Amino acid sequence: MNADSLIEEIDSGTIAPRTWPVIRALHRHMSQISPLQRNILVAFDRGDSPDSMAPLRDMLWASIRSQSPDEQGCLRLSVGLTRDDEPIDAYLAEFLIQWAREQKLTEQQIIDAFHGK
């Protein structure tokens with residue numbers, strides 16, 4: 001199975017993924033995360049609010065801006081954990097899938113994250 005099939009599932013309403021559970025699940029499979037991302041994961045898992053994570057989010061965006069576009073995906077995956085939980089539409093899903101692939105996640109790992117497994 002190919003993770004691109006998730007786009008059709010979202011468009012058809014078969015699945016209605018949300019940012020927090022999907023992004024957190026993707027992080028479980030990422031082998032290389034920065035110390036800043038680790039701090040974000042600790043704060044997220046502790047239940048810190050997006051407002052209280054604003055300083056981490058600001059540092060994350062500064063780090064993203066310092067990277068070349070082809071190296072930003074890993075960091076961009078973490079942004080959603082510092083914001084309010086929201087539905088993932090097909091447009092956002094395409095980005096999340098691509099960034100997960102750049103981190104060498106398998107198609108099955110990506111699919112499982114979107115399916116809540």
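Contact here means heavy atoms within 4.5 Å. Helices (H or I, at least four residues) are DSSP runs numbered from the N terminus. The model is predicted, so that local features need pLDDT of at least 70 and side-chain atom pairs count only at pLDDT 80 or more, while totals for chains, interfaces and linings use all residues. Residues are numbered from 1 along each chain as its sequence is written, and side-chain values use heavy atoms, with hydrogens and water left out.

**Exercise 1.** Describe how α1 and α6 pack, and list the residues that meet.

Solution. 
- Step 1: the angle between α1 and α6 is about 160°, and their axes are 9 Å apart. Axes are lines fitted to C-alpha atoms over the stretch in contact, and angles run from 0 to 180 degrees between N-to-C directions.
- Step 2: α1 and α6 are therefore roughly antiparallel to each other (angles over 145 degrees count as such).
- Step 3: from α1, Leu6, Ile7, Ile10 and Asp11 meet Ala90, Ala93, Glu94 and Ile97 of α6.
- Step 4: by class, this contact of α1 with α6 has 6 nonpolar, no polar and 2 charged residues. Ala, Val, Leu, Ile, Met, Phe, Trp, Tyr, Cys and Pro count as nonpolar, Asp, Glu, Lys and Arg as charged, and the others, Gly among them, as polar.

**Exercise 2.** Describe the packing of α1 and α7.

Solution. 
- Step 1: helix α1 covers residues 5–12 and helix α7 residues 107–115; they pack at about 15°, with axes 10 Å apart.
- Step 2: that angle makes α1 roughly parallel to α7 (under 35 degrees).
- Step 3: Leu6, Glu9 and Ile10 of α1 meet Ile110, Ile111, Phe114 and His115 of α7.
- Step 4: the residues of this contact of α1 with α7 divide into 5 nonpolar, 1 polar and 1 charged.

**Exercise 3.** At what angle do α6 and α7 cross, and which residues make the contact?

Solution. 
- Step 1: the axes of α6 and α7 come within 10 Å and cross at roughly 140°.
- Step 2: that makes α6 oblique to α7 (the class left after under 35, 65 to 115 and over 145 degrees).
- Step 3: Ala93, Leu96, Ile97, Ala100 and Arg101 of α6 make the contact with Glu107, Ile110 and Phe114 of α7.
- Step 4: the contact of α6 with α7 has 6 nonpolar, no polar and 2 charged residues.

**Exercise 4.** Which helices each supply at least two residues of the lining of the largest pocket?

Solution. 
- Step 1: the lining consists of Thr19, Ile23, Trp61, Arg76, Leu77, Val79, Gly80, Arg83, Glu86, Leu92, Leu96 and Trp99. A pocket is an open set of points on a 1 Å grid where a 1.4 Å probe fits, with protein on both sides within 12 Å along at least five of seven lines; lining residues have an atom within 4 Å of a point.
- Step 2: the helices are α2 (19–27), α5 (73–79) and α6 (90–102).
- Step 3: the lining divides into 7 nonpolar, 2 polar and 3 charged residues.
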